[in-house]
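Q: I am new to this structure and would like to go through it step by step. Could we look at it together?

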Amino acid sequence: MTNRMTQLIKRCEEIGCLYREQEPMRLHTSFKIGGPADLYLLPDRAEQIAALLPFAIERELPVHLLGRGSNVLVSDAGIRGVVLAVTDRLSEIALTSSGTVSCAAGASLEKLCRFALDHRLSGLEFAFGIPGSVGGAVFMNAGAYGGEVKDVLLSASHVTPEGQFGSLAGEALALSYRHSAYAENGSCILSAEFALQPGDPAAIRTRMEELKAKRREKQPLEYPSAGSTFKRPEGAYASALIDQCGLKGLRVGDAMVSEKHAGFIINAGSASCADVCRLIEKVKETVWERTGFQLECEIRLLS
C-alpha cells in the first residue's frame, strides 16, 4: 500500500488538497475515540473530490467518506487507507429561490438551521441540535422529534466512485428510516437542496429553542457519544427496552450506558472502541434474552 499511498499524496499536492498522514481519528469523531487514519484528506473544492476519489479507488486503496464524525465509531487500531473528510471547508449555503435552500455537504446542521431562521424559513426546526453535517444527515436520513430529512429534501448532488458529477432526487434518493441510496452507491455527497416554507421567525426560534432544551434535559450531551446507539426496532423503542432491562449505568471500561438516556452509550472517561463494542454486544444480548427484541446498531464502525 505504501507506493500507492505515495502516489495519492503526490496527487493531493498537485491539485492543492490538504492532507495529513497518521491523523488521530479521536480528534474528528464526537465519541472522541479512534486510532490514526493512514491518510486524512481535507478537500475544499468538489473538483478535488472528483479527482481523488477515483484515483484512490483505481489503486485499490480503501476510501472512507466522513462528515463531522457524529455517527461513527473508529477502531482503536485506526483506519487503513484513506479518510475523505467533507467538513466546513465545503460549507456554503445559499437561497436559490423562494423557499429553496442549497447547502454544501460539509456545513453543520446547526449552521443550516440558523440560515433558515435568518431567512424566515420553516421546516428544519426538528434538526436544530442534531450533531453532524448536512451530508451525513442526508446519508442517514437523520431525524428527531417527528421530523426527518426526507420531509424537506428535494435533491442531493454527488461525485460517483468513478469521478463523475451527478444528482439524485425524489424516489431515487431511496429515503427510509436512517437510510438513503448513498448508503449503497459509494458516492460522495457534495450538496443538498431543501424545500422550506415561509414562517414567523419568532415561532421558528421558539420551536428551535424548545427542542434544544429538550435535548439538554433528556440526552447526555455533557459526555462524548455518537448519538443514539441503536435503531428503533419495529413496535418498540430501543431506549425503553434497555431501561426495562435495568441496563442504565452498565459499564465496560469507560464505555457506559447513559444514566440519563438509555439509548446512548457514552465515553465516560477514556473509553476505547473495544470497550464500546463489548458494551454494545452485552446490551444486545440482554435485551434479546429478556424481551425478544433484536437491537440493530445505528453507529457505523470504521476500521
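A: The turns below cover how to read the model, then its strands, a helix, one serine and several salt bridges.

Q: What kind of model is this, and where does the numbering start?
A: This is a predicted model, in which local features need pLDDT of at least 70 and side-chain atom pairs count only at pLDDT 80 or more, while totals for chains, interfaces and linings use all residues. Residues are numbered from 1 along each chain as its sequence is written, and side-chain values use heavy atoms, with hydrogens and water left out.

Q: Which way do β1 and β2 run?
A: Strand β1 (residues 18-24) and β2 run antiparallel and are joined by six bridges. Strands here are DSSP runs of E with at least two residues, helices are runs of H or I with at least four, and both are numbered from the N terminus. Two strands pair if DSSP finds at least two bridges between them.

Q: How many residues of β2 are buried?
A: Six of the seven residues of β2 are buried, so the strand is mostly covered. Buried means under 20% relative accessible area, exposed means over 50%, and partly exposed lies in between (1.4 Å probe, protein chains only).

Q: Moving on to α2, how many residues does it have?
A: Helix α2 has 13 residues and reaches 19 Å from its first C-alpha to its last, close to the 18 Å expected at 1.5 Å a residue. The expected span is 1.5 Å times one less than the number of residues.

Q: Which residues of α2 are buried?
A: Among them are Ile49, Leu52, Leu53 and Phe55. Just after α2, Glu60 takes a positive phi of about 55°.

Q: Where is Ser272?
A: Ser272 is in the loop between β18 (264-267) and α8 (273-291).

Q: What does Ser272 touch?
A: Leaving aside residues up to four places away in sequence, Ser272 touches Ile33 and Asp76, where contact means heavy atoms within 4.5 Å. A polar atom of the Ser272 side chain also lies 3.0 Å from the backbone nitrogen of Asp275.

Q: Which residue forms a salt bridge with Asp275?
A: Asp275 forms a salt bridge with Arg278, the closest N and O atoms being 3.1 Å apart. A salt bridge is a side-chain nitrogen of Lys or Arg within 4 Å of a carboxyl oxygen of Asp or Glu. Both residues lie in helix α8, three residues apart, about one turn of the helix.

Q: Is Asp275 buried or exposed?
A: Asp275 is buried, with a relative accessible area of 10%, whereas Arg278 is partly exposed at 47%.

Q: How many salt bridges does the structure hold?
A: The structure holds 18 salt bridges. In one of them, the side chains of Arg89 and Asp44 meet at 3.3 Å, N to O. This pair links distant parts of the chain, 45 residues apart: Arg89 is in the loop between β5 (79-85) and β6 (93-97), and Asp44 in the loop between β2 (36-42) and α2 (46-58). Arg89 is partly exposed at 31%, and Asp44 is partly exposed at 29%.

Q: What about Lys150 and Glu148?
A: They form a salt bridge whose closest N and O atoms are 3.6 Å apart. Lys150 counts as partly exposed at 39% relative accessibility, while Glu148 counts as buried at 18%.

How values were computed
A polar contact is a pair of N or O atoms within 3.5 Å; within protein, one must be able to donate a hydrogen and the other to accept it, and residues adjacent in sequence count only if both atoms are side-chain atoms.
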